[in-house]
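Trainee: Can you take me through the ligand site and the pockets? Keep it brisk.

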Amino acid sequence: MTQLGLFSEPQAGPAGLRYTDNFVDAAAEQELIGRIAALPLQRFQFGAFEGNRRVAWFGYQYDYSQQRLTEAEPIPDWVRPVARRAETWAGFAEGSVRQVLCTEYDVGVGIGWHRDKPHFKEILGLSLGSPCKFRFRRRRGDKWERYTLEALPRSLYMMEGEARAQWEHSIPPVEAHRYSITFRTMKQG
Ligand SMILES: O=C(O)CCC(=O)C(=O)O
């Protein structure tokens with residue numbers, strides 16, 4: 001019997017999505033959570049609007065009111081080793097990650113459907129503290145093609161190619177406190 005049609009999601013994820021569990025160990029996870037929690041996190045600003053998640057930007061920040069990238073504080077020393085490990089895992093040269101976003105999601109907070117700004121190239125994300133459903137969708141005619149990645153704490157994902165350029169992603173409200181570190185490379189020019 002074919003199972004086509006029983007599942008709303010394809011078996012394989014979007015092309016260009018990579019994922020690994022246990023990218024950092026439990027001790028490193030606690031250290032990183034402590035570092036993020038100690039940052040002067042600010043509610044995410046979309047021009048006149050505020051998101052519920054709290055963030056700190058490093059390297060560059062996207063300013064929604066001016067619709068451009070502005071320089072942010074340098075990437076802190078405590079982020080550099082894990083950013084370097086992410087670059088190695090992804091096969092990127094040292095220093096490719098030039099933007100880092102630390103995010104805190106309180107219980108009940110998520111992030112809506114979006115694609116990351118076009119100034120950035122590849123996107124990597126380290127999940128900390130609790131799991132989340134990392135959802136993908138893309139338009140196919142009058143329907144949405146969908147995929148959900150169960151992103152475990154201490155895992156790393158990467159979006160490039162179609163996963164980055166064609167698919168949108170979102171995280172529904174989390175059930176337990178979650179933190180993430182997003183590492184972004186830059187497009188040329
Ligand atoms: O928290 C995450 O892993 C995703 C963050 C994200 O999609 C974003 O900040 O654009």
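Mentor: Start with the ground rules. This is a predicted model, where local features need pLDDT of at least 70, side-chain atom pairs count only at pLDDT 80 or more, and totals for chains, interfaces and linings use all residues. Residues are numbered from 1 along each chain as its sequence is written, and side-chain values use heavy atoms, with hydrogens and water left out.

Trainee: How do the residues of the shell around the ligand divide by class?

Mentor: Ala, Val, Leu, Ile, Met, Phe, Trp, Tyr, Cys and Pro count as nonpolar; Asp, Glu, Lys and Arg as charged; the others, Gly among them, as polar. Among the 13 residues around the ligand, Y105, H114, Y157, R178 and S180 come nearest. The shell splits into six nonpolar, four polar and three charged residues.

Trainee: Which element gives the largest share of that shell?

Mentor: Strands are DSSP runs of E, at least two residues, numbered from the N terminus. β6 (97–105), β7 (111–114), β12 (168–171) and β13 (178–186) each supply at least two shell residues. The largest share, four residues, comes from β13.

Trainee: What volume does the largest pocket have?

Mentor: A pocket is an open set of points on a 1 Å grid over the protein atoms alone, where a 1.4 Å probe fits, with protein on both sides within 12 Å along at least five of seven lines; lining residues have an atom within 4 Å of a point. The ligand takes up the space of the largest pocket. Its lining has 27 residues, with R53, I111, H114, D116 and R184 nearest the centre. The volume, the space filled by probe spheres set on the points, is about 390 Å³.

Trainee: Which elements give two or more residues to the lining of the second largest pocket?

Mentor: The second largest pocket holds about 310 Å³ of space. Of its 19 lining residues, Q42, V55, A56, W57 and Q61 lie nearest the centre. The elements are β2 (42–46) and β3 (49–58), together with β4 (60–63).

Notes
A residue is near a molecule or strand if one of its heavy atoms lies within 4 Å of it. A molecule sits in a cavity or pocket if more than half of its atoms lie within 2 Å of its grid points.
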